[in-house]
Amino acid sequence: MITEETLVANVKKRDEKACHVLYNKYASSVYGIVCKYHKEEESRKAVFEKIFLKIFNTISTYDSSKSGLFMWMYSIVHTELRMEMKDRE
């Protein structure tokens, strides 16, 4: 089993296997959060994809001394959903 620290280090290096592991480990949790705020399947998928791209593109900013990985990801999910809801108004 790979540690979270090793996983993050490898994702930061854009290791394809590590990216798949991260996605597979957290995708259902992230999608579940998205589903609470989006009723339409089409918008769910688009927002979910946008969020995961943001996670992968900003993983270099993750600092384990400030929060756990999931909490860091959750802050991205929360921010993106708030911005999405604001744009829909």
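1. The buried residues of helix 1 (residues 4–12) are Leu7, Val8 and Val11, where buried means under 20% relative accessible area, exposed over 50% and partly exposed in between, with a 1.4 Å probe and protein chains only. They lie on the same side of helix 1, because the arc that they cover around the axis is only 95 degrees, an arc being that of the directions from the helix axis to the C-beta atoms. Helices here are DSSP runs of H or I with at least four residues, numbered from the N terminus. Helix 2, helix 3 and helix 4 are among the elements that cover these buried residues, and helix 1 is followed by arginine 14, whose phi is positive, near 65 degrees.

2. This is a predicted model, in which local features need pLDDT of at least 70 and side-chain atom pairs count only at pLDDT 80 or more, while totals for chains, interfaces and linings use all residues. Residues are numbered from 1 along each chain as its sequence is written, and side-chain values use heavy atoms, with hydrogens and water left out. The mean pLDDT, the predictor's confidence in each residue on a scale from 0 to 100, is 93 for the protein, and 100% of the residues reach 70 or more. Confidence is lowest in helix 4, at a mean of 91, and highest in helix 1, at 96.

3. Leucine 7, in helix 1, counts as buried at 2% relative accessibility. Not counting residues up to four places away in sequence, leucine 7 touches Ile2, Ala18, Val21 and Leu22, contact meaning heavy atoms within 4.5 Å. Leucine 7 and leucine 22 are 15 residues apart in sequence, and their C-alpha atoms are 7.3 Å apart in space. With neighbours within four places in sequence left aside, leucine 22 in turn is in contact with Leu7, Val11, Ile55, Phe56, Leu69 and Met73.

4. The largest nonpolar core has 25 residues, and those with the most contacts inside it are Leu22, Leu69 and Met73; such a core is a set of buried Ala, Val, Leu, Ile, Met, Phe, Trp, Tyr and Cys residues joined through side-chain atoms within 4.5 Å. At least two residues of this core come from each of helix 1, helix 2, helix 3 and helix 4, and the largest share, 8 residues, is that of helix 2.

5. Cysteine 19 is placed in helix 2 (residues 16–37) and is buried, with a relative accessible area of 16%. Apart from neighbours within four places in sequence, cysteine 19 is in contact with Val11, Arg14 and Phe56; the C-alpha atoms of cysteine 19 and phenylalanine 56 are separated by 7.9 Å, although the two residues are 37 apart along the chain.

6. A search of the whole structure finds 7 aromatic pairs, for which rings of Phe, Tyr and Trp (its six-membered ring) must have centres within 6.5 Å, with planes under 30 degrees apart counted as stacked, over 60 as edge-to-face and the rest as tilted. The rings of tyrosine 31 and phenylalanine 48 form an edge-to-face pair, because their planes are at 90 degrees, with the centres 5.4 Å apart. This pair links distant parts of the chain, with tyrosine 31 in helix 2 and phenylalanine 48 in helix 3, 17 residues apart. Tyr23, Tyr31, Phe48, Phe52 and Phe56 form one aromatic cluster.
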